[in-house]
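Please look over the model shown here before reading the points below. They are meant to be read with the sequence and the structure side by side.

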Amino acid sequence: MSKPLIQLIDIRKKFQSGKITYEVLKGINLEVYMGDFLAIMGPSGGGKSTLLNILGLLDRPDSGLYLFEGREVNTFSEKELSRLRNQKIGFIFQAFHLIPWATALENTLLPALYGGEITKEKIQRAHELLEKLGLGDKKNHKPAELSGGQQQRVAIARALINNPTLLLADEPTGNLDSQSSEEVIKIFENLNKEGLTIIMVTHEREIAQRAKKIKFLKDGKFIED
Amino acid sequence: MVFNRFFVKEVLRELLSNKVNLFFMVLALTFSLTALNTIYALGKSAEKQILDTLANLNFGKDAALVLAGGGRMMGLATTRTDTLKMEDIKAIERLNFVKIVSPFLGNVLEVNFSGKAEKLRVDGVLPNYLLANNWRVFQGRFFTEREVENYAKVVVLGYEVAKKLGLKKILGEKIKIGGEYFTIIGILEKKGSLGHYPLDERIFVPLTTAQKRLFNVDYLSGFKVVFQEGTDFKQNVNLIREILRSRHKLLEMEPDDFRIITPDMAIERFTKTSRTISAFLLTIALISLVISGVIIMNLMTASVEEKAGIIALRLALGANSHDIIYHYLFSAFLISGISGMVGWLISLLLIKVISLFTPLKPLFSWGTFLLSFGFSFITCIIFSIFPALKASKINPAILLKSL
Ligand SMILES: Nc1ncnc2c1ncn2[C@@H]1O[C@H](COP(=O)(O)OP(=O)(O)O)[C@@H](O)[C@H]1O
Ligand SMILES: [Mg+2]
């Protein structure tokens, strides 16, 4: 078997709230391979988002080992982490998080801006992605002029602009109606078929079942089934 | 580091997304910049005007003023003041490096015309007074050598005097000076003011008339001496000092019983006051600049807090902390540019308006332009460092907080 894209060994994370510290992640072990499509389920407050933050290099664990493409993430500088987030990881959020004053096209191009240059190729790719996601006629619309489903599709285009290795999605359908949810999960399936590795947090069973694998996170640990 | 159209647009649109905030940042800065520019420009203008007047008085580089009585330049005399005589003038006139010596005897006297009374400076002078002071007759004529010899009761008015006394027909009219009637024979050209001293509110009579009929003394208040061009100014002044000391039979340890005022001293004296006032006002303007800097810092910090989600998003999408700091410093740069421009334009307008109501003439200078933009830039950059650093330390993990 090939080397895993992601390997977590005994990842722990504590939070302090006033005088009380409590452990949100109590020893997470996880292997994700290229081409995987993993859904993580679990009760609210179980630590799913915390785990996704760590996976997405937005937060560091207190202890444990995180290997990304075989390299130990703990040793990376802040600059290297930014670069990895920019080049290798695409994020999808429950609340979309689009920039309100920028058009769909400009929102899509944002990661390209921080990647260095906005080249002709990137602009071309942004157009193609938006067209592919059914937003060909919405390129110059601001987020406020788009429906929730459309906004999430812009967010997907943005996540894909730099051709990432890994897509991380936290409750991507949490704010959507069932029809839009269906559209989004369909897109995820297609992207996975094209080879993109996806880790998705959700509490909707029907959505989770569209993934190739489901894991349950409860009280800071994966439940072995 | 990223810098392209997209980045500039992004920074601009973020600024414009909170127009109230932007408005108050620009307002705070514009206010203090306007004050700074206006004060600076007016100070420069006042100073230039004084220098112009001094030059116009022919107090050029080769003239000196000698006043009777020793002591500090503009203070009261601390020695006898009755020692400077016409014979001293004659002696100085004979020196080969001297071009003109113009003696005067003057004081403030009550001047009357048809029931109206004004306290005016009356100077007894010789016909060479005009030449020595680069002054010309506006109407009528100046008095002659003959009139000086004859103690004639004729008078020449400064430009503003007729108006002050309410004279209609001027030439040939009689006015009362110190109880005696004098016939007006001429009016001098307008000269302006030196600092606060109105040069055009003086009147002139023959020196002899002043000595005999007005003040009843045989000495002089002082004289102005103009040197031949190309002679050594310092040496000339020293020689005059020696001659006066020996003529007045002063002993080695006795102080001078006269004061020699040179153009350098005069310029310093008149510009010092305006400089002191300017420095004080500039300090206030600089303090207000710091206050506006603090206002900008607070508004920008508020704006960073408001935009925390968007900043976190940028970090999540691959911006590093330098990119974020850079974003807010550039944002400050734009604010400084807008404020600098507005502050500069308003101050130009203000200077123009002020010049309509005061004798100050507006001076356009690239100095105020640079001052405006320079201070604007420095203030903005210094006071945006804190909010920029704060922005760069935002934790991108907040993005995944459930709403
Ligand atoms: N930055 C933080 N500071 C303190 N507590 C936090 C922080 N982030 C998350 N938590 C807490 O950690 C627990 C797990 O949160 P989260 O990972 O968001 O759960 P989930 O996404 O599974 O609902 C919750 O109790 C939450 O309140
Ligand atoms: Mg969550």
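Predicted model: local features only at pLDDT ≥ 70, side-chain atom pairs only at ≥ 80, totals over all residues.

1. Residues are numbered from 1 along each chain as its sequence is written, chains are lettered from A and ligands numbered from 1 in the order in which they are written, and side-chain values use heavy atoms, with hydrogens and water left out.

2. Which residues surround ligand 1? Among them are Phe15(A), Tyr22(A), Val24(A), Pro43(A), Lys48(A) and Thr50(A), where a residue is near a molecule if one of its heavy atoms lies within 4 Å of it. By class, this shell has four nonpolar, six polar and one charged residues; Ala, Val, Leu, Ile, Met, Phe, Trp, Tyr, Cys and Pro count as nonpolar, Asp, Glu, Lys and Arg as charged, and the others, Gly among them, as polar.

3. Tyr22(A) places a polar side-chain atom 3.3 Å from a nitrogen atom of ligand 1, while a polar side-chain atom of Thr50(A) lies 2.5 Å from an oxygen atom of ligand 1. From Lys48(A), a backbone N or O atom lies 2.8 Å from an oxygen atom of the ligand. Taken alone, ligand 1 exposes 560 Å², of which the protein buries 67% (accessible areas come from the Shrake-Rupley method with a 1.4 Å probe).

4. The elements that give two or more residues to the shell around ligand 1 are strand E2 (20–32) and helix H1 (48–55) of chain A, and H1(A) gives the most, with three residues. Helices (H or I, at least four residues) and strands (E, at least two) are DSSP runs, numbered from the N terminus.

5. One open sheet has four strands in the order E2-E1-E4-E5 (chain A), with antiparallel pairing; two strands pair if DSSP finds at least two bridges between them. E2 and strand E5 (71–72) of chain A each have a single partner strand, so one side of each is left without a neighbour in the sheet. Within this sheet, five bridges join strand E1 (residues 6–17) of chain A to strand E4 (residues 63–68) of chain A, and Ile6(A) stands opposite Phe68(A) in E4(A). H1(A) lies across E1, E2 and E4 of chain A, at about 125° to E1(A) (contact means heavy atoms within 4.5 Å; axes are lines fitted to C-alpha atoms, for helices over the stretch in contact, and angles run from 0 to 180 degrees between N-to-C directions).

6. The other open sheet has six strands in the order E6-E7-E8-E3-E9-E10 (chain A), and its pairing is mixed. Its edge strands are strand E6 (89–92) and strand E10 (221–223) of chain A. Four bridges join strand E3 (residues 37–41) of chain A to E9(A) in the parallel sense, whereas strand E9 (residues 213–218) of chain A and E10(A) pair in the antiparallel sense over three bridges.

7. E9(A) and E10(A) form a hairpin with two residues between them, and Asp219(A) in the turn has a positive phi of about 50°.

Technical notes
Polar contact = N/O pair within 3.5 Å; in protein donor to acceptor, adjacent residues only side chain to side chain.
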